[in-house]
Amino acid sequence: MTYEHPTVCTHGVCGIIGNTPLLELCTTGIGSRLLLKMENFNPTGSVKVRMAAEMVAGAERTGLLPPGGRIVEPTSGNTGLGLAIVAAQHGYRFTAIVDHHAAKDKLAAMSALGAELIFVGERNSGIPSTNLRREKAKEIIAADSSAWWPDQHNNPDNPAGYGNLAAELMYQVPEGIDVLVAAVGTGGTLCGTTKYLRQSGNFVETIGVEPEGSIIFGGPAGNYKQSGAGAPANFPVGRNVAHELIDHAIKVNDIKAFATARVLARHFGLLVGGTAGAAIYEGLRHLQDYPAQTTMVVVICDAGEKYLDTIFNDSWLQENHLHSETMEHQVYRFLSAYRDSHAIAKKRRAGRCVA
């Protein structure tokens with residue numbers, strides 16, 4: 001066995017963004033595959049670090065962000081974590097406008113990276129204080145001439161930040177991707193990746209997933225605990241949600257999302273966040289609907305280590321009426337059925353070869 005020396009990154013932590021692995025979760029008896037793009041391997045454990053870096057780079061190119069300037073952004077955590085590491089590396093101040101709906105570990109990590117946290121909204125509210133966060137950002141920008149607000153929901157450098165993600169997928173799956181699944185919040189991940197794939201000739205079909213209770217795809221607003229995706233009542237959905245790039249818009253409730261994340265942790269050793277759980281749930285549910293040899297990719301937008309005190313905590317789930325062993329069994333049966341069909345097909349092929 002030979003050992004190859006790893007490449008040394010000389011561009012700081014931002015230089016190791018991307019080049020995340022692709023993991024096969026399951027294969028069916030008809031040769032269809034469900035692959036996971038493991039964006040939780042990025043610095044900060046999230047896909048959103050890609051667009052955070054690109055938004056800052058765009059502001060530097062256009063002069064909107066001067067040396068030593070201040071970045072101000074309303075965030076539920078993952079975009080804030082990305083902006084925090086970019087700010088630390090490039091010498092900017094970063095103020096994150098947050099609420100108590102965000103995961104505690106995300107908030108603690110932003111603070112550890114030097115971010116200033118300004119809280120808005122009620123402590124025990126079950127709804128993200130998205131509008132209040134934006135109002136606070138406007139107030140700060142008006143009072144501080146050195147401050148720059150990326151505005152991730154409308155900044156065109158958000159979806160532009162996923163060009164490299166599309167390029168990686170085309171390299172990792174040279175035969176082409178048939179279906180792309182991702183959670184939708186700002187819209188940048190799914191719509192940005194889809195745009196660049198289609199521009200390169202891969203006319204992928206897309207499934208966008210948001211929490212039940214979010215209003216991006218219409219319908220009544222309600223409470224939800226999935227952090228980092230969706231939009232609450234009366235939120236002005238931003239321009240980066242390009243509905244023409246989303247072929248199927250689906251809502252997934254917290255119980256299904258969290259049950260999927262828990263099954264992956266306990267049976268596959270994968271810790272992913274709740275919105276990733278929702279996207280995987282829909283991938284598992286719909287893989288059987290497509291023709292043989294379909295390649296479906298689910299973007300794992302968030303790591304699960306940030307949710308050890310919530311979705312992986314039985315007491316928290318029970319207190320919030322979100323614990324369902326029945327749903328966990330259903331998710332496991334999805335995976336078992338695909339695994340068994342693949343094993344049966346493999347045996348049949350082997351029998352034909354012997355005959």
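Start with the aromatic rings: a search of the whole of this predicted model turns up two aromatic pairs. Select F258 and W316 to see one of them. Their ring centres lie 6.2 Å apart and the planes meet at 55°, so this pair is tilted. Now colour the helices, and you will see that the pair links distant parts of the chain: F258 belongs to helix 8 (residues 254–268) and W316 to helix 10 (residues 314–319), 58 residues apart. Both F258 and W316 are buried.

Next, select Y281 and F334. This aromatic pair is edge-to-face, with 6.2 Å from centre to centre and 75° between the planes.

Six of them form an open sheet with mixed pairing, in the order 1-2-10-7-8-9. Strand 1 (22–27) and strand 9 (248–252) are at the edges with a single partner strand each, so one side of each has no neighbour in the sheet. From one strand to the next, the twist averages 25°.

Zoom in on strand 1, which pairs with strand 2 (residues 33–38) in the antiparallel sense over five bridges. Within that pairing, C26 stands opposite L34.

Then show helix 7 (residues 188–199), which packs on the sheet and touches strand 7 (179–183), strand 8 (205–211) and strand 10 (295–300). The helix direction makes about 175° with that of strand 8.

Last stop: select K195 and Y196. The charged end of K195 sits over the ring of Y196, 5.9 Å from the ring's centre.

Conventions
Residues numbered from 1 in each chain as written. Predicted model: local features only at pLDDT ≥ 70, side-chain atom pairs only at ≥ 80, totals over all residues. Heavy atoms only, no water. Pairing = 2+ DSSP bridges. Helix = DSSP H or I, 4+ residues; strand = E, 2+ residues; numbered from the N terminus. Axes fitted to C-alpha atoms, helices over the stretch in contact; angles between N-to-C directions. Contact = heavy atoms within 4.5 Å. Phe/Tyr/Trp six-rings, centres within 6.5 Å; stacked < 30°, edge-to-face > 60°. Buried < 20%, exposed > 50% of the residue type's maximum accessible area, 1.4 Å probe, protein only. Lys NZ or Arg CZ within 6 Å of the ring centre and 35° of its normal.
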